[in-house]
Amino acid sequence: MVDVEQLHTALNSIKVLRSNVGIVFTSVSNGLNAEHEEEVKENKYIQELQELLSTVNKNLREVETAVSNLTPPPGPFNLGNSTFLSQETTQERQALYGQLVNSYKWTDKIRDYSGLAGNILSANSVSKTYKTFGATKRRKTQTSNHNVAPEVIENLVTGIDRLFPDVTITATRPFSPNPVIQASLGRTLKAVIAFKGLMIEWVIVKAHSESNDLWTESRYKVFRKVTENCHAAMCHFHSPTMPDLAVRSFMHWFHSYISLFNAPCKRCGNYLHSALPPTWRDMRSLEPYHEECK
């Protein structure tokens, strides 16, 4: 590894050398000036130039000494074609090489730190253990909401159909036993709801004149807004421990859209705002709001 102090000393020596070389070129470009006396103008200028060159020669020896004290790297740095970035002449691309070097240093540190972290974690592996304090306190296996009996799903769909008599529900099972139901809220709208077990997996809201395709959005903006709100409600009412209650709560909330086009906004009192009816329903009170008023 290269000593940081030695490297710092070498860099300072190079900086001083470049500064003094710049002074020499400045003096040569200026030539004789009024500061030199007329009688011995040339001799004084030559003497001044010799002193500057002696200083440069001294700085060059200091640079050589500082560089010779540095420890050479174990191998050459192979940067591939990226080395040509340092030869760019345009001002915009000259900074790429420095950024590339900084990125390389950052990734190199990440590799070192991840190696150390891997060694520490492998030496201190933690295994999960469950303590049982008796036969009566064993862990109860949590049943998955995805893998349930078809009879349970059938009872859930039947219960939803009986719960809302003004909603027409038609169930199909293209991927048995997971149903896809079509719920029609009168003449207002229809929704295609896909289930996976006892969990609502996807909802799409459309007009009655549109197809029942589950993957195509409605061509009407109002129903696209309602679909977005249904996705938010689907996540809001989700409950892994009580999936049947989550589905019923969602359907209660969705049933409030039966008054989509004839209920005013509770905030502003208008039926339309930005050419749209109140497309949002409050999760608790089921009151209608415009998207801007909720």
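## Helix pairs and ring pairs: worked exercises

The crossing of α1 and α2 is left-handed. The model is a predicted one, so keep that in mind as you work through the exercises.

**Exercise 1.** Work out how α1 and α2 run relative to each other, then look at what makes up their contact.

*Solution.* Start with where the helices sit: α1 covers residues 4–30 and α2 covers residues 41–68. Their packing angle is about 160°, and the axes are 9 Å apart. Angles over 145 degrees count as roughly antiparallel, so that is the label for α1 against α2.

Next, find the residues that touch. On the α1 side they include Ala-10, Ile-14, Leu-17, Val-21 and Val-24. On the α2 side, look for Tyr-45, Leu-49, Leu-52, Val-56 and Val-63, among others. Sorting the contact residues by type gives 16 nonpolar, five polar and two charged.

**Exercise 2.** Classify the ring pair of Phe-223 and Phe-261, and say which parts of the chain the pair ties together.

*Solution.* First, the count of aromatic pairs comes to six. For Phe-223 and Phe-261, the ring centres are 6.3 Å apart and the planes meet at 85°, so this pair is edge-to-face.

Then place the two residues. Phe-223 belongs to helix α5 (residues 221–236), and Phe-261 to the loop between α6 and β5 (280–281), so the pair ties together parts that are 38 residues apart in sequence.

Finally, check accessibility. Phe-223 has a relative accessible area of 5%, so Phe-223 is buried. Phe-261 comes out at 47%, so Phe-261 counts as partly exposed.

**Exercise 3.** Describe the pair of Trp-253 and Tyr-257, and find the cluster that includes these two residues.

*Solution.* The rings of Trp-253 and Tyr-257 are 5.2 Å apart centre to centre, with 80° between the planes, and the pair is edge-to-face. Trp-253 has 0% relative accessibility, so Trp-253 counts as buried. Tyr-257 is also at 0% and counts as buried.

To finish, follow the ring pairs: they join Phe-250, Trp-253, Phe-254 and Tyr-257 into a cluster.

Technical notes. Residues are numbered from 1 along each chain as its sequence is written. This is a predicted model: local features need pLDDT of at least 70, side-chain atom pairs count only at pLDDT 80 or more; totals for chains, interfaces and linings use all residues. Side-chain values use heavy atoms; hydrogens and water are left out. Axes are lines fitted to C-alpha atoms, for helices over the stretch in contact, and angles run from 0 to 180 degrees between N-to-C directions. Helices (H or I, at least four residues) and strands (E, at least two) are DSSP runs, numbered from the N terminus. Angles under 35 degrees count as roughly parallel, over 145 as roughly antiparallel, 65 to 115 as roughly perpendicular and the rest as oblique. A crossing is left-handed if the near helix is turned anticlockwise from the far one by less than a right angle, and right-handed if clockwise. Contact means heavy atoms within 4.5 Å. Ala, Val, Leu, Ile, Met, Phe, Trp, Tyr, Cys and Pro count as nonpolar, Asp, Glu, Lys and Arg as charged, and the others, Gly among them, as polar. Rings of Phe, Tyr and Trp (its six-membered ring) pair if their centres lie within 6.5 Å; planes under 30 degrees apart count as stacked, over 60 as edge-to-face and the rest as tilted. Buried means under 20% relative accessible area, exposed over 50%, partly exposed in between (1.4 Å probe, protein chains only).
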